[in-house]
Amino acid sequence: MLNEVQDFAALLYDRFGHDFRDYRPATLANRLQNLCARLRLSGIPALHDWLIRHPDRIALVVDHICIPVTELFREPDTLVQVREHVFPMLRSFPQVTVWHAGCAGGHEAFSMAILLHEAGILPRTRIFASDISSGILEKAATGRVEPQQIDGANARYVSSGGSARLADYFRPLDGGMKLDDDLLNKITFVQHNLATDAVFCEANLIFCCNVLIYFERQLQARALELFSDSLVRGGFLCLGQRETPIGAQKKFARLPGTGWIYRPLSQPHPQISRSQSASTANLLNDGKLK
């Protein structure tokens with residue numbers, strides 16, 4: 001099984017440029033087997049041959065590997081710590097950039113936009129929400145949320161320190177709900193691969209929640225290096241509660257009084273302009289999908 005997974009990961013990289021070689025084999029194998037069942041294929045070798053015959057279906061394969069796991073106001077304990085320990089520092093910056101790495105369906109970026117709005121920081125903030133899957137990002141960029149997802153998030157919103165009615169931030173859309181345009185327009189959706197791509201923005205706050213748990217040690221180290229290089233002086237990294245990134249202590253120190261917020265130990269890279277950051281990313285806003 002391990003060799004089959006490695007061979008398939010090599011195909012994705014060599015033929016299509018998608019690098020899953022340092023994803024945890026058990027996770028990758030499970031998702032590939034689920035895709036095989038969906039396509040009624042006998043196993044991963046058959047999927048390998050199928051993809052060679054149908055290279056136009058690569059987006060389907062990538063989307064299935066990158067199953068979007070997201071919800072509004074996920075891990076409210078962490079969001080409370082961000083509000084109490086990070087927001088006061090963000091208020092000192094004339095411009096603020098927040099990067100949600102591995103944003104999946106975008107709900108966590110939506111949540112941050114709401115909290116930044118309530119804190120009075122959003123008007124001078126730009127939020128980048130990135131993922132490897134263009135299909136997932138296209139859906140996220142619509143801002144659509146199902147009514148039951150909003151209902152289910154009410155308690156988490158309150159626990160996160162929300163100060164209004166959560167439903168007030170959404171508008172009806174074709175039987176569902178859509179994030180208010182004033183909030184959605186603050187979010188730029190970016191196709192970005194943590195395994196292969198470089199720094200594309202200079203961030204004050206980076207979220208990477210429950211993504212590193214799917215990475216092997218080498219890829220975790222690369223992602224942490226990328227986050228360190230992307231943070232401005234005085235920036236913050238927020239990780240998921242399920243993550244214990246190996247080697248993080250070499251790059252980051254946990255912020256006192258918090259459980260999942262870190263600050264970089266190394267010097268930040270020289271500042272890059274907003275125009276440079278935008279030119280190095282595949283932007284989905286305004287129909288700029290590349």
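This is a predicted model: local features need pLDDT of at least 70, side-chain atom pairs count only at pLDDT 80 or more; totals for chains, interfaces and linings use all residues.
Biologist: Which residues touch the most other members of the largest nonpolar core?

Modeller: In soluble globular proteins, nonpolar side chains tend to be buried together. A nonpolar core is a set of buried Ala, Val, Leu, Ile, Met, Phe, Trp, Tyr and Cys residues joined through side-chain atoms within 4.5 Å. Buried means under 20% relative accessible area (1.4 Å probe, protein chains only). Here the largest core has 48 residues, and F8, F20, V61, W99, L194, F227 and L237 touch the most other members.

Biologist: Why does this core lie between domain 1 and domain 2?

Modeller: Domain bounds come from an automatic or database domain assignment. Domain 1 (1-66) and domain 2 (76-264) both give residues to the core, so it lies between them.

Biologist: How do I read an aromatic pair?

Modeller: Rings of Phe, Tyr and Trp (its six-membered ring) pair if their centres lie within 6.5 Å. Planes under 30 degrees apart are stacked, over 60 edge-to-face, and the rest tilted. The whole structure has 6 such pairs. F73 and Y157 are edge-to-face, 5.1 Å centre to centre with 65° between the planes. Both are buried.

Biologist: Which residues form one aromatic cluster?

Modeller: W99, F128, F200 and F227.

Methods:
Residues are numbered from 1 along each chain as its sequence is written. Side-chain values use heavy atoms; hydrogens and water are left out. Buried means under 20% relative accessible area, exposed over 50%, partly exposed in between (1.4 Å probe, protein chains only).
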